[in-house]
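Please report on the fold shown here.

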Amino acid sequence: MSRPSPAPDSITTLPAHLDAQAALRREAHDWMPYRVDQCSYARGPLRQRISSCRTCGTEDAPVGVCDACAVSCHAEHDLVELFTRRDFTCDCPTSHRARCALLGAAQPRNTGNTYGRNFLGEFCRCERGKRYDPMDEAESMIECLACQDWFHESCLNLQDPCNPIPADTDTSSTTSSSTIESPLLPSTAYAHLVCSGCITAHPLLQRYAGTQGWCMVVPRENVDPAAAPEWAERWDVIGRREPSPPSSTKRARSPHGSPLVKRPRLSSSSPTATPPTPTSAAPKPCTLPAPNPLAQRILASFAASAAANADAAVPPSSSARARGDVFLLPSARENICTCASCMPDVQTLPFPLEDEPEYEPVEDSPGTLPCPPPPLVGFPLIPSPA
Ligand SMILES: [Zn+2]
Ligand SMILES: [Zn+2]
Ligand SMILES: [Zn+2]
Ligand SMILES: [Zn+2]
Ligand SMILES: [Zn+2]
Ligand SMILES: [Zn+2]
């Protein structure tokens, strides 16, 4: 008995191969309208868009690649889009598993890059985040300015965490999946998120939490949950007012966009970067606000629960409790006190006061797609040395 035998995968006609390459390039151009023939490695650490390649990387040795390498060297690999990362150098030319199609010769390994579980495709603090799939994820995720991890709005208490948006909105369930609640704070209302883990790890951030411009979602007092079915009836946001800039220490206001919101296939991402402004040499008065007692209580409780639960350094997402995440209004970051006594703490902040501009490769014109040097995709993996 015979079966029709498909053509072996290894045999491809040249026209079919070229067609496939052209289609891949068109798809790549839609995804990223930049030239894809220049790896950013030689520029050193940059604030740039990065993808983790799980085909080339391992748990112990993750590999983050620039946009050009993602398209030109790893197009058929298992990529996790990580959006913009600070101080990152492309790992593609340093990878022992695959040769960089753009730089060719193996380069020294990067020692300054930092990695995390995002490189393994795990995000947020919840079980759902461990199986993150951009095609299935229906809920907006917000990036922490400090650790650059991504969190579901419901895991940030912006929406009811007991009733997150179902991943499959076409589910036949009778729940009203079409009525997506608007979050307590829409992403247009704040400029950055700093997650509670990063807040409690830094004394200056902890001091600012819950003060003007440093919003925190807190439970309303004396509310009977049975009588207040709506999330917004049970939770409040403190710190909603912009801090008034002190006249003597005012820095240039910068145009801030809303925070980076992770959505599948986001085409262009970065908020407008701020040019550096010279710091004044005149002595500055300290502008640290008085601590917010409620925020301090919440953060102390978060730190205690994290210490007691060392395996999961955050409370389980199912618990409807205050978590201590902080949402920075647009002027909050630029008004961080830089007086002489605060400066040592400012210098150890887990993020810069002003972002450097995001590196962007030269824009490509759709009609003149460059043809990167062969092999474009699917170059063989080089076995790692034993
Ligand atoms: Zn690269
Ligand atoms: Zn790869
Ligand atoms: Zn490469
Ligand atoms: Zn989550
Ligand atoms: Zn964080
Ligand atoms: Zn100060």
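A residue is buried if 20 or more other C-beta atoms lie within 10 Å of its own. By that count, seven of the eight residues of β1 are buried, so the strand is largely enclosed by the rest of the structure. For the protein as a whole, buried residues make up 33% of the 386 residues.

This is a predicted model. Its average pLDDT is 79, and 72% of the residues score at least 70. Eight helices and ten strands are assigned. Among contacts between residues at least 6 apart in sequence, 76% join residues at least 24 apart.

**The three-stranded sheet**

Strand β1 belongs to an open sheet of three strands. The order is β2-β1-β3, and the pairing is antiparallel. The edge strands are β2 (64-66) and β3 (79-88), each of which pairs on one side only. Direction ignored, neighbouring strands here are turned by 45 degrees against each other on average.

Strand β1 spans residues 46-53 and is joined to β2 by three bridges. Val-65 is the bridge partner of Ser-51, and Cys-66 stands opposite Ile-50. On the β3 side, six bridges join the strands, again antiparallel. There, Arg-49 stands opposite Thr-84.

Where does Cys-100 lie? It sits in the loop between β3 and α3 (127-130). Is Cys-100 buried or exposed? Cys-100 counts as buried, because it has 24 C-beta neighbours inside 10 Å.

Which residues does Cys-100 contact, leaving aside its neighbours within four places in sequence? They are Cys-39, Cys-69, Cys-73, Cys-92 and Pro-93. Cys-69 is 31 residues away from Cys-100 along the chain, yet their C-alpha atoms are separated by 7.4 Å.

**The four-stranded sheet**

Another open sheet has four strands in the order β6-β10-β7-β8. Its pairing is antiparallel as well. Strands β6 (192-194) and β8 (235-238) stand at the edges. Each has a single partner strand, so one side of each is left without a neighbour in the sheet.

Strand β7 (residues 214-219) pairs with β10 (residues 326-328) over three bridges. Within this pair, Met-216 stands opposite Val-326 of β10. Helix α7 (residues 293-308) packs on the sheet and touches β7 and β8. The direction of α7 makes about 70 degrees with that of β7.

| Strand pair | Sense | Bridges |
|---|---|---|
| β1 and β2 | antiparallel | three bridges |
| β1 and β3 | antiparallel | six bridges |
| β7 and β10 | antiparallel | three bridges |

Strands of a sheet pair through backbone hydrogen bonds, either parallel or antiparallel.

Two stretches call for care. Over residues 169-179, pLDDT stays under 50, and the model has five contacts for them beyond four places in sequence. Residues 264-276 also stay under 50. For that stretch the model has 20 contacts beyond four places in sequence. Where pLDDT is low, the predicted coordinates should not be read in detail.

Methods: Residues numbered from 1 in each chain as written. Chains lettered and ligands numbered in written order. Predicted model: local features only at pLDDT ≥ 70, side-chain atom pairs only at ≥ 80, totals over all residues. Pairing = 2+ DSSP bridges. Helix = DSSP H or I, 4+ residues; strand = E, 2+ residues; numbered from the N terminus. Contact = placed C-beta atoms within 7 Å. Axes fitted to C-alpha atoms, helices over the stretch in contact; angles between N-to-C directions. pLDDT = per-residue confidence, 0-100. Buried ≥ 20, exposed ≤ 12 C-beta atoms within 10 Å, placed from the backbone.
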